Amino acid sequence: MRKFILAIFFFSLIFIGGVCHAQKESPAISDTLDNVLLEHQWSLGAHINSNGWGIKFRKGRNLTALKQFMWEIEFTTYKSAKEVKSINPDYSGSKSYIYGKLNSIYFLRGGVGIQHILNRKPYWGGVQLSFLYYGGISIGIAKPIYLYIIHPTSPTDYQVVQERSDPSNPDQSIEYIYGRGAILTGILNTEFHPGIYAKSGLEFEFGTKSRVIKALEVGAILDFSPIPIAIMASNPKQSLFLTAYLSVCFGKRFNK
């Protein structure tokens with residue numbers, strides 16, 4: 001969590017500093033004329049969060065001069081705070097793995113939301129602040145983890161096979177783990193957990209042109225799955241997944 005906060009602080013300084021430098025120049029007259037009220041918009045974004053990373057797409061329209069209706073599609077990863085990478089030093093070429101991890105978790109979200117513009121940018125540019133909240137369907141995707149396991153065949157020889165991660169299996173004790181299996185192994189055993197999500201945050205939009213969206217967003221997301229999902233063998237299955245996020249968005253506004 002501390003690394004995530006430091007990353008947000010460092011990334012924000014770079015982003016805001018670059019925007020402020022770009023806005024030192026006076027906007028051209030054409031830019032000012034371009035700064036009109038536009039009804040529709042779309043944007044693409046990427047984010048880091050306290051449990052992983054993700055991408056999103058948004059599209060929407062103005063309901064009023066200070067209120068926007070939006071819909072979004074988002075894909076994100078989710079990691080447990082207890083994940084620690086290990087490696088078996090007894091075998092050359094062994095691969096890193098996370099002991100006790102049962103599933104790789106992803107969320108696919110689709111929902112709608114409202115963005116309230118708290119203050120508009122002046123015509124020469126600046127920062128526009130918006131408060132937003134979204135909600136909708138969230139599908140938890142749990143792909144099982146497979147490991148390369150060492151099986152001795154003689155005092156001087158062994159074979160390596162892929163097995164589904166199961167720390168309760170004595171054959172999968174730490175000294176027999178060669179590393180994480182192939183990333184696509186077990187994909188046919190992926191489980192889907194339909195649920196819902198809610199999101200709230202603040203959007204800081206920079207720039208001098210109304211038609212161009214350059215924004216920094218910070219907030220929190222809560223996913224709920226009625227069917228609990230297992231991540232780590234040492235933890236109980238989870239139904240609630242809370243994460244903080246920082247995202248950068250780029251897009252356009254237009255009139256049909």
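## Exercises on salt bridges and strand pairing

Arg-109 and Asp-223 form a salt bridge through their side chains, with 2.7 Å from N to O; the term denotes a side-chain nitrogen of Lys or Arg within 4 Å of a carboxyl oxygen of Asp or Glu. The model is predicted, so local features need pLDDT of at least 70 and side-chain atom pairs pLDDT 80 or more, whereas totals for chains, interfaces and linings use all residues. Residues are numbered from 1 along each chain as its sequence is written, and side-chain values use heavy atoms, without hydrogens and water.

**Exercise 1.** Determine which strands hold Arg-109 and Asp-223, and whether the two residues are buried or exposed.

*Solution.* Step 1: strands are DSSP runs of E with at least two residues, numbered from the N terminus. Arg-109 belongs to strand β6 (residues 103-119) and Asp-223 to strand β12, so the pair ties together parts 114 residues apart in sequence. Step 2: buried means under 20% relative accessible area, exposed over 50%, and partly exposed in between, with a 1.4 Å probe and protein chains only. Both Arg-109 and Asp-223 are buried.

**Exercise 2.** Characterise the salt bridge of Lys-56 with Glu-217.

*Solution.* Step 1: the closest N and O atoms of Lys-56 and Glu-217 are 3.3 Å apart. Step 2: Lys-56 lies in strand β2 (residues 52-64) and Glu-217 in strand β12 (residues 212-229), 161 residues apart, so distant parts of the chain are linked. Step 3: Lys-56 has a relative accessible area of 6% and is buried; Glu-217, at 0%, is also buried.

**Exercise 3.** Describe the pair Glu-72 and Arg-58, then state which residues make up the network of salt bridges.

*Solution.* Step 1: the side chains of Glu-72 and Arg-58 meet at 2.9 Å, N to O, in a salt bridge. Step 2: Glu-72 is in strand β3 (residues 67-78) and Arg-58 in strand β2, 14 residues apart. Step 3: Glu-72 is buried at 1% relative accessibility, and Arg-58 at 2%. Step 4: through shared partners, salt bridges join Lys-56, Arg-58, Glu-72, Glu-74, Arg-109, Lys-199, Glu-217 and Asp-223 into one network. The whole structure contains nine salt bridges.

Definitions and conventions:
Helix = DSSP H or I, 4+ residues; strand = E, 2+ residues; numbered from the N terminus.
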